[in-house]
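Work through the exercises below with the model open beside you, and try each task before reading its solution.

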Amino acid sequence: MEKYGKVLLFVMPIFLFMILVEKAYEKFLKKESVNPLDTVSSLTSAITMITKNVLGLSFTVLSYQWMEEHIALTHIQATWATYLIAFVVLDFSHYWIHRIEHVNNFFWNSHIVHHSSEEFDLACAVRQPISSFVKIFTLFMLPAALLGVSPLVIATVTPIQFFAQFWYHTRHINRMGFLEHILVTPSHHRVHHAMNEEYLDKNLSQIFIVWDKLFGTFQEERPDVVPVYGITRPMRTWNPIKINFIHMWLLIQDTWRTNQWVDKWKVWTSPTGWRPADVALAKPVFKVEDVYHFDKYSLHRSNVFIGWIWFQMAVLLAFTAYMLAHIGAIGFPSMFLYGGFIFVFVFALTDFMDANRSYIVWEAMKMAYGCVVLGYMGDWFGMGEDLNGWLLLYFVISLVGTLLMARSFQSTEAGQQLVI
């Protein structure tokens, strides 16, 4: 995990810089109306994913290393050609995993987070799930294991391919000539993130667009069909933890409520969006029918509020960076204590962004959590006692500042809005 943390410490500032540059370009040069809270929601989603991965909270059916050691029929030497072939094979397997996530009710839950943004920008690229506890990736690597491809090759190529998907999450790069026939481009991926009927479940490739063209899921971006981003069952929250489990909770409820035993099974195995007829009638769920005429999730926010949220976001990023830089020194089980604090911080921040009254519980819990850590451990996970006073001051400012802003919560018929 130390190596994983150091890689992210290198990559995170680069991605964050590019995200902020894109936002500045949209606001000051393009004069577009941008939603900073959607960006913060995406960034907090990335932080929860990073924290979950650092803590190792996932279950792999079989490890690739185990398969390679026990079933390899031969062993391929790790040359530059091996890495190149592995890159292509990984991309092929990811195409099918991605396709399964889009067409199956159960696996859609682990991918819905990435599509939940109603914007399309570089921040959307880092909006990643924490609910993908069961990983089927290794099963798709069975051919590579049989050929004895080194686990080091797979471990090296996988993050490279993941990071290579960042750049094409943007509206500001148009067609790219001959590359449109080979690689996934921003134009292709705009189609993929759109919920227009013409674009649903299209362009599932991650690096090479050829897979979509070979298997019938390719759709070119049409000038007469402007992409509308998001999902047809909107989440209506900035909270990434809630977003991760709203769909799963619906599946559980539908399983419990339906009277047909066969439908209790079909809830989990049917195409994405399927619901038992009796439950769908009794408990309808809002769905966007006309993608060109619906209200995006957006409550009124002042510049003061936005500034406060960005201040909290900066502090959260600092806490996360310290965790990644010192994960080895923090060790087990303290790393889980640290991870718990990060999750409480994210919940408090995004619940406040949603104007939910429960924000005060989470904000108070964050302060209590921090004070307990300082009191029990003597400092912040080895940071040094000299900084204890500054940390305590932050926790007090965070709680008091949030309470002062919350004085302007106002209830409306449409729900709660925050006006400063």
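The exercises that follow concern salt bridges in a predicted model.

**Exercise 1.** Determine which residues form salt bridges with lysine 23, and where the partners lie in the chain.

*Solution.* Next take aspartate 121, for which the closest N and O atoms are 2.7 Å apart. This second pair links distant parts of the chain, since lysine 23 sits in helix α1 while aspartate 121 sits in the loop between α6 (112-115) and α7 (122-125), 98 residues apart.

**Exercise 2.** Decide whether lysine 23 and glutamate 26 are buried or exposed.

*Solution.* The cut-off for buried is under 20% relative accessible area. Lysine 23, at 14%, therefore counts as buried, and glutamate 26, at 1%, is likewise buried.

**Exercise 3.** Describe the salt bridge between arginine 127 and aspartate 38.

*Solution.* First, the closest N and O atoms of the pair are 3.3 Å apart. Second, the pair links distant parts of the chain, with arginine 127 in the loop between α7 and β2 (134-135) and aspartate 38 in helix α2 (residues 36-55), 89 residues apart. Third, arginine 127 has a relative accessible area of 3% and is therefore buried, while aspartate 38, at 4%, also counts as buried.

Technical notes. Residues are numbered from 1 along each chain as its sequence is written. This is a predicted model: local features need pLDDT of at least 70, side-chain atom pairs count only at pLDDT 80 or more; totals for chains, interfaces and linings use all residues. Side-chain values use heavy atoms; hydrogens and water are left out. A salt bridge is a side-chain nitrogen of Lys or Arg within 4 Å of a carboxyl oxygen of Asp or Glu. Buried means under 20% relative accessible area, exposed over 50%, partly exposed in between (1.4 Å probe, protein chains only). Helices (H or I, at least four residues) and strands (E, at least two) are DSSP runs, numbered from the N terminus.
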